[in-house]
Amino acid sequence: MELFEAKDVTKSFGSVVALDKVSISVPKQSIYGLLGPNGAGKTTLIRIINQITGPDSGELFLNGRKLKPDDVASIGYLPEERGLYKKMKVGEQALYFAQLKGLSHAEAMKRLKYWFKKLDITDWWGKKVEELSKGMQQKVQFAITVLHEPDLLIFDEPFTGFDPVNANIIKNEILFLRERGATIIFSTHNMGSVEELCDNITLINKSKTILEGKVGEIRRQWAGNEYDIVFEGNTEFNENGYFKIMNRQTENNKTSVRIKTLSEMNTNEILLAAVKAGKVISFNPALPSMNEIFIRVVEAQN
Amino acid sequence: MNKIPVIIKREYLTRVRKKSFIIMTILAPLLFAAIIILPTLFMMNGTEDYKKIAVVEDRTDIFKGVIKNTKSAEFIYLEDENIEELKKTFEQKGYYGILYISPEIVNVPNAVQLISRKQPPIGILDHIETSLEKEIERQKLMNYNIENLDEIMKNVTTRVSIQTIKIDDSGKVKETSTGIAMALAYIGGFLMYMLVFIFGAQVMRGVIEEKTNRVVEVIISSVKPAQLMMGKIIGIALVGLTQFLIWVVLTVGIAGVIRSAVFKKSDATEMVQNVSKNVMSQDQQLQIPGQSQPEIDPAMAEFTKLFNSAMNQPWLLIIFSFIFYFITGYLLYASIFAAIGSAVDNETETQQFMLPITIPIILALMVAMGTMQNPESPLAFWFSLIPLTSPIVMMARIPFGVPAWQLILSMILMLVTFIAFVWMAAKIYRTGILMYGKKTSWKEMWKWLRYQG
């Protein structure tokens, strides 16, 4: 079942088209990646979902119903440019935003305590925002975003500005939120996190959707004719007329070889050759990283 | 759920808690109180200091008893006193100074000297001069041997003091004072200018802060832009009112404390009694003009007149109009300020938009000043109808009396314009706060006005 759907969303600013008939459909309790180069229109789409701006045409659905202004209460939004009042104290500010989202003072307090503890930022409650580092501010903002336990969470570039340790904490929190029932849309340039987190993606370039689907399927689609073979021990495996060795390395008493087939051929033929060479542990089609796919798709279109 | 109160609360609390706000709120009344108190203090100090002045006349005694004692000075006529001797000892004898009158006085005007250690106050000099002048005049006239001179003099002496009386449709008359009306016009117009400008600019700064911080995106995902704008405008208006109220209370309080500390209580009560007595007698005058006037101390009469006139001002109308024009005028300008704040990326960029707002306000202030000279001028009339200037100019006109239809028309125009401006500002604001990095022009803003959705 789809929690959120956008159909043929088009938006232009004057003569500049920011989104051209972009559609996404986000299954319930999944993580949806919104990818694309800078200026592709991701943030515009996110703003439309948040009803910050309206689309010129197209329709938006939440839980199968048309998106209404009141629905902002069930959406949590972490904008790309983090926005906090610099002169305001962290706790006060968190309370203010929680109340804007419709939480009562007492309820907001209770949940803030929980999240501040979870993200290890309780000590900063009484500090002014301007005293915090950028990463700290982002943690605060993250807590504010998820506080009202919305059905749909939208993170615009959630990992920028975090060190690897904190990025991992946020990653785990996102997974935890999905487990608890939330549906998440996030935009990112960090393709590693896409592979780790996303169930589905849409790639937008020059205001149009150019790729969409399940992450696993996309990677298999783009796999092409490369395979990874892992042998036990230090194994010699030589090229023949059917395939070329792309890469070979021996580590921990295992040899990994990536080969590329030269013509359409039965994988059995390769396997036969491999079996002759040594003891095969695994044989897999080589999945390209999302990074590669991203670059290839975008460059192909340009 | 309506979230405007939450926004108002934040806007209000963050500003009220600022150190600069607290300092300004406490310091300003001290300043105001000083401005109010100091002049009175100086004036009263003069009367407090009772002076004894020795009057020494050389050889003649024509001026004996001519100079009457006043509240602040006593004139003691000394006969057969050695002036040179007295010059050395007058202080020990308890005199403030010596008034020496030489015999040539009738012909040479500067034959009179007041010898003292300190510069004598102007009031005493005036008193002495007029007393002597009158006496010399009288004596010179006597030289002409006119019959019944005393009687003629009594008939000739006149005192002119214009009484301004406003008469309304029902024929009721009220004593007024142009002085008071001018003061009120000035205070009303200027206060309006200050409040609108100071707090309108605060709205603009607040909007720019939110925009540059990108806080606005988070808020806009929770509330509508118009709600945020109104919340901010109202919150800051409440800050302004709070400050204003504290100022009034503190100023009155401080002034009161200083006054009661400095002046004797009996003085005050005596003054009030005198005033009320005189007010009554003035009323009688109004009913039977032309009849003989009871003898009143001229200074007291002047004061009574002012007091009377102040009481006769249409206070209810003034207060009501002030509140009406403050709220609508503030909302009008604050929404323009908010729209401008939303259209720029930082405060330095506001310059090009500030000028067109500043011009009507400055113009209004100038016309308001002119209004005090001529409240009925066509300029004052038109500017008190045009909504951008009417809050200031109309406030300046009201103490002089404004026809009801003009006031009502001005208010209706103001209401309509204010609603239109808030609506337009909200539209510009909605688009502007999410626009970054682009230099905004008037043309651009006009386009935003027509954006849909």
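Colleague: Where does Leu271(A) lie?

Modeller: Leu271(A) sits in helix H8 of chain A, residues 267–277. Helices (H or I, at least four residues) and strands (E, at least two) are DSSP runs, numbered from the N terminus. This is a predicted model, in which local features need pLDDT of at least 70 and side-chain atom pairs count only at pLDDT 80 or more, while totals for chains, interfaces and linings use all residues. Residues are numbered from 1 along each chain as its sequence is written, and chains are lettered from A and ligands numbered from 1 in the order in which they are written.

Colleague: Why is Leu271(A) called partly exposed?

Modeller: Because Leu271(A) has 14 other C-beta atoms within 10 Å. A residue is buried if 20 or more other C-beta atoms lie within 10 Å of its own, exposed if 12 or fewer, and partly exposed in between, with C-beta atoms placed from the backbone.

Colleague: And how far apart are Leu271(A) and Ile229(A)?

Modeller: In sequence they are 42 residues apart, and C-alpha to C-alpha they are 8.9 Å apart in space.

Colleague: Over to chain B. How many residues of helix H14 are buried?

Modeller: Eight of the eight residues of H14(B), 390–397, are buried, so this helix is largely enclosed by the rest of the structure. Among them are Ser390(B), Met394(B) and Arg397(B).

Colleague: How many residues of chain B are in contact with chain A?

Modeller: 18 residues of chain B are in contact with 20 residues of chain A. Contact means that the C-beta atoms of two residues, placed from the backbone, lie within 7 Å.

Colleague: Which helix gives the most to that side of chain B?

Modeller: H7(B) does, with six residues.

Colleague: New topic, the open sheet in chain A. What is the strand order?

Modeller: The order is E6-E7-E8-E3-E9-E10 (chain A), six strands with mixed pairing. Two strands pair if DSSP finds at least two bridges between them. The edge strands are E6 (75–78) and E10 (208–214) of chain A, each pairing on one side only.

Colleague: How do E3 and E9 of chain A run, parallel or antiparallel?

Modeller: Parallel, with four bridges joining E3(A), residues 31–35, to E9(A), residues 200–205. Gly33(A) stands opposite Ile201(A) in E9(A).

Colleague: Which strands does helix H4 of chain A lie across?

Modeller: H4(A), residues 134–146, lies across E6 and E7 of chain A, at about 165 degrees to E6(A). Axes are lines fitted to C-alpha atoms, for helices over the stretch in contact, and angles run from 0 to 180 degrees between N-to-C directions.
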